Amino acid sequence: MPTLSLDSLLERPLRAAILAAADSTAVQRAVSRYGMRLGARRFVAGETMGEFLAVAREVNARGFAVAAGILGEGVRERGEAIGAADQYCELLRIFAAEQIDANVAFKLTHLGLDIDPELAYENAAHIAQTALDAGNTVRLDMEQSRYVDVTLAIWRRLRGRFDNVGFVLQSYLFRSLDDLRAAKPLAPSVRIVKGAYLEPPDIAYEKKSEVDENYLRLVFESLDGPGFSAIATHDQRIIERVETFVREKAIPRRDRFEFQMLYGIGGPLAAALVARGYRVRLAVPYGNYWFPYLMRRLAERPANLAFFLKGALTRE
Ligand SMILES: Cc1cc2nc3c(=O)[nH]c(=O)nc-3n(C[C@H](O)[C@H](O)[C@H](O)COP(=O)(O)OP(=O)(O)OC[C@H]3O[C@@H](n4cnc5c(N)ncnc54)[C@H](O)[C@@H]3O)c2cc1C
């Protein structure tokens, strides 16, 4: 019988508590005041585009491609949503002009999904067209489960017009394998992740072993089909299983898949993959709305919380 350590017993409630705290304005106010200095910088390139571009060049120099993300979600004002889309377009033009090896990934709620799905669609299409003109690609991130249907519907509409738009599936959701199979005739570019939000047990696996198992199921199904797979994880055991699979099936390394990791996590693992000849892309976020992103990174690995709190307590 598998034994449960104290850590693993505490992990789920702690994760739930951190994600719940992410919704508290008091916590947000306190963390936002000092968080950048205390630890957010480990996961976030900075608050400005200039800071981001410096990090992107440095990440490229280490042999990684970049997925740029401007921090923002749940936007309620049209002007803000349109402004976010314009910033993504500006980034894509800078990448082309300055030969930075980077594409962009964005959240539809940053582009106005909560205001009007049509607004989010138009903004996403604007970014996709700009990327196409620059010979680049874009990806729709996946957010909480209530957004999955509308995100996939918007991806389908975009896919009808563009061949450079990908999406994300989360292995903690029961539905993801069906979603992948439904998308397969469209030769999708799909990033597979475990999932970063708190979801109810009637729609999502609760046990890590089940999430991991479904992760591999999704990756193998995706690699076996047409399209492109972005294998986004820091899980060494999963990466080893994927390496065996692609070797046995002789799947070409660069055209059919890449590994992806988050900036600030998994550095040595990512470097080892590059050294073995794989393409690895680091997701590098920037912007001043970093609070929910930081809380998700803390919830994934509650040990990070200790570093964060230590920074807070030892601060003069
Ligand atoms: C490129 C990329 C894009 C993503 N996009 C989305 C998205 O669109 N939607 C979404 O819901 N989720 C997204 N995620 C987050 C994802 O769902 C997971 O929450 C996250 O990747 C952690 O899971 P893991 O696969 O690394 O596995 P885990 O089993 O959580 O972790 C494996 C190992 O990785 C290390 N690790 C993992 N997380 C951390 C951390 N925060 N700090 C330090 N070490 C850590 C630890 O060593 C851990 O043992 C994305 C992740 C990546 C890498």
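## Barrel and strand pairing

Two strands are said to pair if DSSP finds at least two bridges between them. Helices (H or I, at least four residues) and strands (E, at least two) are DSSP runs, numbered from the N terminus. With those terms in hand, here is a look at the fold. This is a predicted model, in which local features need pLDDT of at least 70 and side-chain atom pairs count only at pLDDT 80 or more, while totals for chains, interfaces and linings use all residues. Residues are numbered from 1 along each chain as its sequence is written.

Eight strands form a closed barrel in the order β1-β2-β3-β4-β5-β6-β7-β8, and their pairing is parallel. From one strand to the next, the twist averages 30 degrees; axes are lines fitted to C-alpha atoms, for helices over the stretch in contact, and angles run from 0 to 180 degrees between N-to-C directions.

Contact here is between residues whose C-beta atoms, placed from the backbone, lie within 7 Å. Helix α10 (residues 267-275) packs on the sheet, where it touches β7 (257-262) and β8 (280-286), and its direction makes about 140 degrees with that of β8. Helix α5 (residues 117-133) lies across β2 (102-106), β3 (138-140) and β4, at about 155 degrees to β3.

## Confidence

The pLDDT, the predictor's confidence in each residue from 0 to 100, averages 91 for the protein chain, and 91% of the residues score at least 70. Do take care with residues 1-7: their pLDDT stays under 50, and the model has one contact for them beyond four places in sequence.

## Two domains

Domain bounds come from an automatic or database domain assignment, which gives domain 1 (1-43 + 291-316) and domain 2 (44-289). Their C-alpha centres lie 23 Å apart. Eleven residues from domain 1 and ten residues from domain 2 make up the contact. On the domain 1 side, α1 (6-21) and α11 (291-300) are the elements that give two or more residues, and α11 has the largest share, with five residues.

The ligand has 22 residues around it, of which Asp141, Val193, Ala196, Thr233 and His234 come nearest. Elements giving two or more residues to this shell are β4, β7 and α11, and β7 provides the largest share, three residues. Both domain 1 and domain 2 give residues to the shell, so the ligand lies between them.

Note on methods:
Contact = placed C-beta atoms within 7 Å. Near = placed C-beta within 6 Å.
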